[in-house]
Amino acid sequence: GMTKEKTQWKELLEALSVLQWLLICPISGLSCIILLVCLMFTSLWPLSTLCFVWLVIDWQTPERGGRRTTFVRKWKVWEHLRDFFPIKLVKTADLSPNKNYIFGCHPHGIMSAGAFSCFSTESCGFSEIFPGIRSCLAILAGLFRIPLFREYIMSAGLYPVSKASLVHLLSKSGKGNAVVIVIGGAAESLSSSPGMNTVVIKQRKGFVKVALEFGADLVPVYSFGENELFQQVIFSEGSLGRKLQDLFKKVMGFAPCLFVGERFALLPYRKPVTTVVGHPIPVPKRLMPTEEEVDHYHRLYMEALTKLFHEHKVSCGLSESHKLQLI
């Protein structure tokens with residue numbers, strides 16, 4: 001780390017890197033759609049038409065392994081993003097490159113800064129820490145339906161979290177793949193706030209079923225500090241705000257969070273995030289897993305996640321009395 005005070009220039013670069021990352025999803029996605037629709041009404045309409053035609057022709061690519069480039073994953077901008085908080089990746093066990101894995105990442109937080117930096121960029125040194133393993137972060141499938149924007153997220157090595165995409169990554173891409181899924185998703189982002197360690201998992205069993213179908217080992221991952229990055233406006237159950245959030249979540253697949261950070265209420269707080277990768281849980285291959293088998297491995301997973309949390313909470317800045325709440 002930098003022992004001397006960060007220079008103002010470095011601080012500015014970090015802030016800009018965070019800003020571009022924060023705005024990239026909602027704003028780029030939206031602007032790509034608006035831009036292409038507007039171009040339809042100008043003499044540049046063929047460009048727009050080409051983009052939409054390409055979207056149709058290339059529709060399946062994200063689910064068939066995408067188009068990741070080492071170049072985007074190694075961008076300097078991601079190193080500034082990492083240093084802003086800072087974000088650190090911690091390994092607790094070796095992973096064999098002759099197996100496939102499903103990493104369950106918790107908690108979602110507002111933007112999953114830990115998961116993005118550690119698994120979708122090389123800024124935290126994933127390839128050196130886990131030699132022979134390719135990390136594949138799976139995100140909302142709808143984002144891959146946006147022309148232009150999809151090219152950007154595919155190049156960063158992001159994949160849709162759809163069944164077809166998971167099947168491809170776990171059965172048609174050889175071995176040494178670690179598919180990272182932020183299990184709690186939008187529901188978990190709504191309970192994200194400083195001091196809270198709540199994980200939405202009790203009813204989330206799809207990832208365990210997929211692990212059994214392909215004999216992929218399950219690996220619990222906890223990002224300590226992820227919930228400290230933003231102060232969220234939390235609406236109580238049954239309030240109008242919460243009802244609107246739930247309605248939006250039903251329609252769009254993700255929940256709009258009202259959050260405030262530090263400067264201009266936009267930048268997250270500079271709080272360290274430590275993403276700890278747990279021990280793999282060996283999972284047998286079952287073509288048709290029974291409900292009992294799914295429940296059994298789901299229970300083992302929840303126990304392993306809880307153990308991981310308690311073993312590392314103190315070294316990651318939490319007090320001995322901190323509890324992990326599974327809902």
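What is the place of phenylalanine 52? Phenylalanine 52 sits in helix H2. Helices (H or I, at least four residues) and strands (E, at least two) are DSSP runs, numbered from the N terminus.

This is a predicted model, in which local features need pLDDT of at least 70 and side-chain atom pairs count only at pLDDT 80 or more, while totals for chains, interfaces and linings use all residues. Residues are numbered from 1 along each chain as its sequence is written, and side-chain values use heavy atoms, with hydrogens and water left out.

Seven strands form an open sheet in the order S1-S10-S7-S2-S5-S3-S4, with mixed pairing. Strands S1 (87-91) and S4 (158-160) are the edges, each pairing on one side only. The twist averages 25° from one strand to the next. Pairing requires at least two DSSP bridges between two strands. S2 (residues 101-106) and S5 (residues 177-182) run parallel, joined by five bridges. Glycine 104 stands opposite isoleucine 181 in S5.

Helix H8 (residues 163-171) lies across S2, S3 (134-139), S4 and S5, at about 155° to S5. Helix H12 (residues 291-312) lies across S2, S7 (217-224) and S10 (273-277), at about 35° to S7. Axes are lines fitted to C-alpha atoms, for helices over the stretch in contact (heavy atoms within 4.5 Å). Angles run from 0 to 180 degrees between N-to-C directions.

Histidine 168 lies in H8. Histidine 168 is buried, at 17% relative accessible area. Buried means under 20%, exposed over 50%, partly exposed in between (1.4 Å probe, protein chains only). Not counting residues up to four places away in sequence, histidine 168 touches Glu63, Arg64, Gly65 and Ser173.

**Charged pairs.** The structure holds 15 salt bridges, defined as a side-chain nitrogen of Lys or Arg within 4 Å of a carboxyl oxygen of Asp or Glu.

Glutamate 14 is buried at 0% relative accessibility, whereas arginine 270 is partly exposed at 24%. Glutamate 213 and lysine 209 both lie in helix H10 (residues 206-214), four residues apart, about one turn of the helix.
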